[in-house]
Amino acid sequence: MPEFASTEYWSAVQSRANDDGEFRRHAKFWTATVRFGIGAKRYRLRVDNGAVAGIERWPGGFAVDLAIDAPEADWQALLAQTPQPFYQDLYPATIHHGFDVAGDAVDYCAYYPALRRLIEIMRACNGAAEGETATVAVAERANAPRFDTAVGRYVRLAIDGTEHRIYFEEAGHGNIGLLLQHTAGADGRQWRHVLEDETLQSAFRMVAYDLPYHGKSVPPTDARWWQEEYRLTRDFLMAVPRALGDALDLERPVYMGSSIGGHLAVDLALHFPQSFRAVVGLEASAYTPGGFVDEFHHPRIGNDFKAHVMYGMMAPSSPEAFRHETAWVYSQGAPAVFKGDLYYYSVDHDVRNTAAAIDTGICSVDILNGEYDWSGTPTAGAELAAMIPGARYRTMVGLGHFPMSEHPEKFLAEIRPVLARAAKQ
């Protein structure tokens, strides 16, 4: 292993990057000069039409397209063999640690997927074992049947005077309904492994649905939605699981959601406690400002940017195939939807002054946040639970923002006892 940031190290990074199919795919058409500031030292990365043309000590006097600077200790933490929370890639490191990025924001976002992969290559050249952290072997159930258990169909729901054709998948033969809400900008595919869990199938009738405008729930035909900016509001979002539960004759179901779905768990418990016997909020916070930004819907920034930002919200120890699957789902969302969902996540959701009014004697509340989630952090989840008398909190060690899809086996071990208790409410 070459010494970090030595000539031999940069040579290894250049060689691996140019041989790496993922990096070359994301760096396509990229020509730029990037400066890495590692403490007091500066290095120049030259990219020519998607290939790394050279990495050397910064000679000075040259124009720079992008500058990434941080203390050496932060670089060492980012490139450690086992990254600590919020050091899993560059994006969380710029938010939670000492990294500073200067340059054209649009170009940075457009080629962020290539930068993210370059960080993984730099980490591997610094000694990380890709077989353990970047490429964890993935095996589906050994005796999986040819057909999944889950069955999908559509239901028409009238919400705010507009008919929405909602797609959902369900599995299980239990007597209690379990509504499963996906994260912002995604769809119900995130719950595919949970739907196949035989333990949960025996206790619940599980329903994973696509919100309107998401996945297979295409926009309504009786509204001119294309003339307006899409924004997801709290009131509309609260109406969806309630209307779906009524349509499917679910009597006081359990509700579970992640990210915007985790926030929604708390809003439902606050405003409609009689409609649910229990709510489970994954990656939930009382308030998460700052996410409703133009970079998430910009004509020069494709869906790959948001997909790879999501990749960095997952634990680096989660199976690589599942992390990429989660990001793949994000890359397929309509361009305006992720930013529009963040209106609820960052603007319309705020229970800091109202969470204490939740009556957990009527509707129990569990909050679970992933150790590696830099948006809905464990600290934020614990603070939210502390605001709600009788609520329970747990940090999910080794998981990130998408526990149900990034590492299903580990998540199911965490959530089965939580849901077993919720079923008894």
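This report describes a helix, the nonpolar cores and a helix pair in a predicted model.

## Basis

In this predicted model, local features need pLDDT of at least 70 and side-chain atom pairs count only at pLDDT 80 or more, while totals for chains, interfaces and linings use all residues. Residues are numbered from 1 along each chain as its sequence is written, and side-chain values use heavy atoms, with hydrogens and water left out.

## Nonpolar cores

A nonpolar core is a set of buried Ala, Val, Leu, Ile, Met, Phe, Trp, Tyr and Cys residues joined through side-chain atoms within 4.5 Å; buried means under 20% relative accessible area (1.4 Å probe, protein chains only). The largest such core has 105 residues, of which Trp10, Phe36, Trp75 and Met122 touch the most other members. Helix α6 gives the most to this core, with eight residues. Another core, of 26 residues, lies apart from it and includes Met206, Met256, Leu399 and Ile415.

Beyond its neighbours within four places in sequence, Phe36 is in contact (heavy atoms within 4.5 Å) with residues including Trp10, Trp75, Leu118 and Met122.

## Packing of α1 and α6

Helices are DSSP runs (H or I, at least four residues), numbered from the N terminus. In α1 (residues 7-19), Tyr9, Trp10, Ala12, Val13, Arg16 and Ala17 meet α6 residues, among them Leu118, Ile121 and Met122. The two helices pack at an angle of about 130°, with their axes 9 Å apart.

## Helix α12

The buried residues of α12 are Glu320, Phe322, Arg323, Thr326, Ala327, Val329 and Tyr330. Their cover includes α6 (112-125), α11 (303-311) and α16 (408-423).

Technical notes. Buried < 20%, exposed > 50% of the residue type's maximum accessible area, 1.4 Å probe, protein only. Axes fitted to C-alpha atoms, helices over the stretch in contact; angles between N-to-C directions.
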